Amino acid sequence: MDFELSQKAIDFRSQVKKFISENLTSEITLKMHETGTFNDKSFNESLASEGLLAGAVPGYGDRDPVELYLLFNELEKAGAPYDGLAVTMLVAGVINAVGTEFHREEVLNKLLTGKHNCCLGYSEPDYGSDVASIITKAEKIENRWVINGQKMWTTMAHESDWVLLLTRTNSDVPKHKGMTMFLVPMNTPGIEIQPVATMASERTNATFYDNVEVEDQWRLGEIDDGWSVMGVALALERGVMGGTNPAVPLLKHVLNWAETTPSKNKSLMIDNALMRERIARTAIINQVGQLLTLRAAWIAATGGMPGVEGSMAKIYASEEYQKVVGWFQQMAGAEGLLSFGAEDAAASGWIDYDARHAPVTTIYGGTSEINRNNIAERHLGLPRNR
Amino acid sequence: MSADQETIQDVFSSFFTEQTGPESARNSMPLGFDAKAWERLSETGAPGMGVSLPAGGGASLSDLVIVAEEAGAKIAPLPIIDHVVATRILEKLDSLEPEVLTGTLLAGLAIRPVENGVAKSVPTGSIANRLIALDEDKLLLINDEPPNKSLPNHGDLPIAHREINGATVISEGTEATEVFERGLNEWKTLISAFLVGITRSSIEMTVDYVKERHQFGKPIGSFQSIQHGLADLPGLYDGARLLVNKAAWAGDREITGEINLTDNEISDFATLSSMSLIFAGETSLQATDRGLHYHGGYGFSEEYDIQLFYRRARAWSQILNSPSDECLLLADLLLADNGVK
């Protein structure tokens, strides 16, 4: 195994690092945490004009999955707002794979400018992991579709121009075979967005669709074949679009804090043996997270579909992140509870923030349990039990 | 993996399957060494494979990692890792005897520094004819008769204490400590690979078992609680395997690696070998723990193999240092370049 990146990949990473150091200001990160919207259109636009955005669309252009991984990994390590970008570029990848000329012109080309976002409309109030049971209904009337229903966790809906909407179009067939995917312009009459506040200040939304009418040209993929379109999205994501190194920025904040903060016996926290053990263990976790992700990218780069490998990286990185956050929050005692802006907050409030944020990472984008089902059935060959 | 490395894997996987395995591990108790299998291994030239090409070897650390993983997968009661690392050290110091190269004489490493004239709990202590030990800044070659009697231990390993009386000094000063440290990092990397092999086999045998074992009218592997307990393990196995291979890659490079903790860019050999040992150790504990548990009472019985893997995972993961102490050594490496102590 050669762990050396190609020269092309090394150059690409340098370009991304340089871009981040020149464009990611503290105002941007402050704003994302104040608003709870981890998306910055002017930052995205700068990425586009630097030529980095087309490379962020999985399967599009000449960038390979290793570079896709590098881009999102660098954004993640730097604490940049990339949540909106990752979803938008994923939708761009789906359009690139299964979209029509109309979709490419009307949506994909605009997404590549960085000025526009997409959001995902899969989950519903009653159907999350069991997404194939969704009931938001799309009915065809001549050449138009009328959509009624409700979606949950439509994060970035308030920033988006389109929603990738999974609908029920046939109830007379097995549930996987009766869904259709649409790209619905968010300015279509009948769509209402309600913000949903979370314990980590990140904003998400519930979206309501009341007799929303779109022309048939906004359908993405075949009628009743929405499950395949979802499969394309999952295959493209491959676990390489961020989310597998969340403890890297956390560790940076923790080190800054430990190097300047006295511990109980008057020496610095950084000299505390338990602290040092935990720093070492976190460093290992970060390396393993990187290697599992890079491995998924290698598989993708050679034409494979690293579905199971993506599940492994996702479970590992998110569960270890929760564990690590717990360690450092406890090490910090009362100050580990203090939030951004509070006097004496450990790591300027980052520990409190990460401890609030970590629980959602084992839930969104496929829960740990769904990923374990995937590994048990597809990797270990154990019987399906649902 | 290169074509050559695939060949290495095939050859050693067959060798350890045919010549060692759990039966050999059982039969070699209480000494913890299968002399017949070692003789056959010596016939293949394996004991000398780690030295330089002109001296008759030529295997890189990355190649040796493959051998070590296959040995671990069959819990081979053979000191191949210690022996190979010792030959690499001895060659560097012009102290390599032909009988050691061929495996006729067993060589090993006192992995912990000598204390008060005794090398304690040496993993090949009861069987090694030649033992390399670091006594402060002197590198010694202990060459008295091995006791051929092991201290009873958790992992059925050929552990013994050895006195350094009469040992030859083969190096002194900075050279001695540097050569020893390099050897120890190689040892950590290869033992990690052995542990990765233990993890692999534990997962395999447990998955097979839960597909066979029926309770409540169906295979216990169809229960989600068991599926999920097992589903955590392949990612840990793959992660450990990747980390160990990265350490070997770093060890084979001639350039000095990087330690950038805050950017998560690590290519330094000492750092990666320490990380590997900690992580491969921890994952082998988890894999054998769940594996034993899902075997139910049978897992606890001597008759079943999983307990052999369970005990060896614990033995190899802490015979050098307690994992917490290894973490502290790792922290020193990670934080040294960080502007902190």
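**Domains of chain A and what lies around them**

Modeller: In this predicted model, the centres of domain 1 of chain A and domain 3 of chain A, taken over C-alpha atoms, are separated by 23 Å. These two belong to a domain assignment that divides chain A into domain 1 (7-117), domain 2 (119-233) and domain 3 (243-378). Where domain 1 and domain 3 of chain A meet, nine residues of domain 1 are in contact with 11 residues of domain 3. On the domain 1 side of that meeting, helix α4 (residues 65-77) of chain A gives the largest share, six residues, and by class this side is made up of three nonpolar, three polar and three charged residues.

Stepping back to the whole of chain A, one counts 12 helices and eight strands, and the C-alpha trace spans about 75 × 50 × 45 Å along its principal axes. The radius of gyration of chain A is 21 Å, which agrees with the value near 21 Å that a compact globule of 386 residues would have. Of those 386 residues, 51% count as buried. Among the contacts in chain A with a separation of 6 or more, 70% are accounted for by residues 24 or more positions apart.

Chain A also touches chain B, with 37 residues of chain A in contact with 36 residues of chain B. On the side of chain B that touches chain A, at least two residues each are supplied by α8 (224-231), α9 (233-252), α10 (269-294) and α13 (323-336) of chain B, and the largest share, nine residues, comes from α9(B). Sorted by class, this side of chain B has 20 nonpolar, 12 polar and four charged residues.

Leu140(B) is found in strand β4 (residues 138-142) of chain B, and Leu140(B) counts as buried because 21 C-beta neighbours lie inside 10 Å, where 20 or more are needed. Leaving aside neighbours within four places in sequence, Leu140(B) is in contact with Ala133(B), Asp135(B), Ile164(B), Ala167(B), Thr168(B), Val169(B) and Ile170(B). Trp249(B), by contrast, is 109 residues from Leu140(B) along the chain, and the C-alpha atoms of the two are separated by 29 Å.

Technical notes. Residues numbered from 1 in each chain as written. Chains lettered and ligands numbered in written order. Predicted model: local features only at pLDDT ≥ 70, side-chain atom pairs only at ≥ 80, totals over all residues. Contact = placed C-beta atoms within 7 Å. Helix = DSSP H or I, 4+ residues; strand = E, 2+ residues; numbered from the N terminus. Nonpolar A, V, L, I, M, F, W, Y, C, P; charged D, E, K, R; others polar. Rg over C-alpha atoms; globule rule 2.2 N^0.38 Å. Buried ≥ 20, exposed ≤ 12 C-beta atoms within 10 Å, placed from the backbone. Domains from an automatic or database assignment.
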